[in-house]
Structures are given as C-alpha cells and as structure tokens.
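Welcome to a short walk through a protein model. Keep the structure open beside the text and look up each residue as it comes along.

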Amino acid sequence: QVHVAESGGGLVQPGESLRLSCATSGIMFDYYTMGWYRQAPGKERELVARISRDGIEDYVDSVKGRFTISRENAKNTMYLQMNSLKPEDTAVYYCNAEWTTSIGQKFDYWGQGTQVTVSS
C-alpha cells in the first residue's frame, strides 16, 4: 500500500522560514521524480519545485533563490526548505511522486496536503 504524507506546514510571518517534509512508503522511491505543488484559494494547482531521480532540480520562477528542494533516498523522503516567505506563498502544499517506466506505465501518487500561511 502506498502512502505519501506531507508535514511541516504552519503559520509564519513574512520573511520567516519553513521546512516541509514528504514521507513515502510502498513505492520504489529512488525511481520517482518527486515534486511539490501548491494551490492557493481560487487558483489552480501549480508546480513549485521538482527533483528527478538523478537529483536534477527545477523551480517555478517565483520561488527561485528562496526555496530548495531535496531528497533523501535512504529515508524515502523529500523536503522543501522555504526561506524568505511571502504572503503570496500562502497555499496548500502537496507532495507528488511520479514515475513513468521504460514501457510507458505511469505511477502517480499525491499526498493530502499541508497548509502554509504567511501573514503578519
């Protein structure tokens, strides 16, 4: 059985930091591209950051230089270090695990989300 669970969200003031974690089980974590998405009220879900199985990182422009994605394969866990948080970062943050095999079979799992609120 597959489990994907985010943690680490909360309420912070502008300029502060948070570290999100995404713990997984039941998947071959090393094979998966892991991503953080977010959805603000009234907006569509957007990709925030992604890290490939080879450790290649990709970020949306609005978080470049402030957020850092990482993964710890030995713990089947991914992280998002968020610094210099802004009110516009307020959203529910979701963890995604995605793998497309060499024969085109796709595996795609989501967590339940963790709320991040940046407000003074």
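## A tour of the model

At 40% relative accessibility, S84 counts as partly exposed, because that value falls between the cut-offs of under 20% for buried and over 50% for exposed. You will find S84 in the loop between β8 and β9. Its backbone deserves a look: S84 has a positive phi of about 50 degrees although it is not a glycine. Please keep in mind that the model you are looking at is predicted.

N76 also has a positive phi without being a glycine, here of about 55 degrees. To find N76, go to the loop between β7 (67-72) and β8 (77-82). N76 is partly exposed, with a relative accessible area of 27%.

**The whole chain**

Now let us step back. How many helices and how many strands does the protein have? It has zero helices and eleven strands. Reading from the N terminus, the order of elements is therefore β-β-β-β-β-β-β-β-β-β-β. The radius of gyration is 14 Å, close to the 14 Å that the globule rule gives for 120 residues, so the protein is as compact as a globular protein of that length. Along the principal axes, the C-alpha atoms fill a box of roughly 50 × 25 × 25 Å.

Of the 120 residues, 39% count as buried. The protein exposes about 6,600 Å², and carbon and sulfur atoms supply 45% of that area. Contacts also tell us how the chain comes together: among those between residues at least 6 apart in sequence, 53% join residues at least 24 apart. As for charges, the protein has 12 positive and 14 negative ones, and their mean positions are 0 Å apart.

**A buried serine**

Is S21 buried or exposed? S21 has a relative accessible area of 18%, so it is buried, given that the cut-off for buried is under 20%. This serine lies in strand β3 (residues 18-25). Leaving out residues up to four places away in sequence, S21 touches A5, E6, S7, W36, M78 and Y79.

**Aromatic rings**

Next come the aromatic side chains. A search of the whole structure finds five aromatic pairs. In the pair of Y31 and W99, the ring centres are 5.0 Å apart and the planes stand at 50 degrees, so this pair is tilted. In general, a pair of aromatic rings is described by the distance of the centres and the angle of the planes.

How accessible are the two partners? Y31 counts as partly exposed at 34% relative accessibility, while W99 counts as buried at 15%. Both belong to one aromatic cluster, formed by Y31, Y32, W99, F107 and Y109.

**Apart in sequence, but how far in space?**

| Pair | Sequence separation | C-alpha distance |
|---|---|---|
| E72 and A23 | 49 residues | 9.9 Å |
| R45 and Y94 | 49 residues | 9.0 Å |
| I103 and D54 | 49 residues | 19 Å |

Let us meet one residue from each row. E72 is found in strand β7 and is partly exposed, with a relative accessible area of 30%. Not counting residues up to four places away in sequence, E72 touches F29, T77 and Y79.

R45 sits in the loop between β4 and β5 (46-51). With 35% relative accessibility, R45 counts as partly exposed. Leaving aside its neighbours within four places in sequence, R45 is in contact with Y37, R38, Q39, Y94 and W110. Y94 therefore turns up both in this contact list and in the table, where contact means heavy atoms within 4.5 Å.

I103 has its place in the loop between β9 and β10 (106-110). Is I103 buried or exposed? I103 counts as exposed, at 74% relative accessibility, because the cut-off for exposed is over 50%.

Methods: Residues numbered from 1 in each chain as written. Predicted model: local features only at pLDDT ≥ 70, side-chain atom pairs only at ≥ 80, totals over all residues. Heavy atoms only, no water. Helix = DSSP H or I, 4+ residues; strand = E, 2+ residues; numbered from the N terminus. Rg over C-alpha atoms; globule rule 2.2 N^0.38 Å. Buried < 20%, exposed > 50% of the residue type's maximum accessible area, 1.4 Å probe, protein only. Areas by Shrake-Rupley, 256 points an atom, 1.4 Å probe, with all protein chains shown as cover. Lys, Arg positive; Asp, Glu negative; His and termini not counted. Charge placed at Lys NZ, Arg CZ, Asp CG, Glu CD. Phe/Tyr/Trp six-rings, centres within 6.5 Å; stacked < 30°, edge-to-face > 60°.
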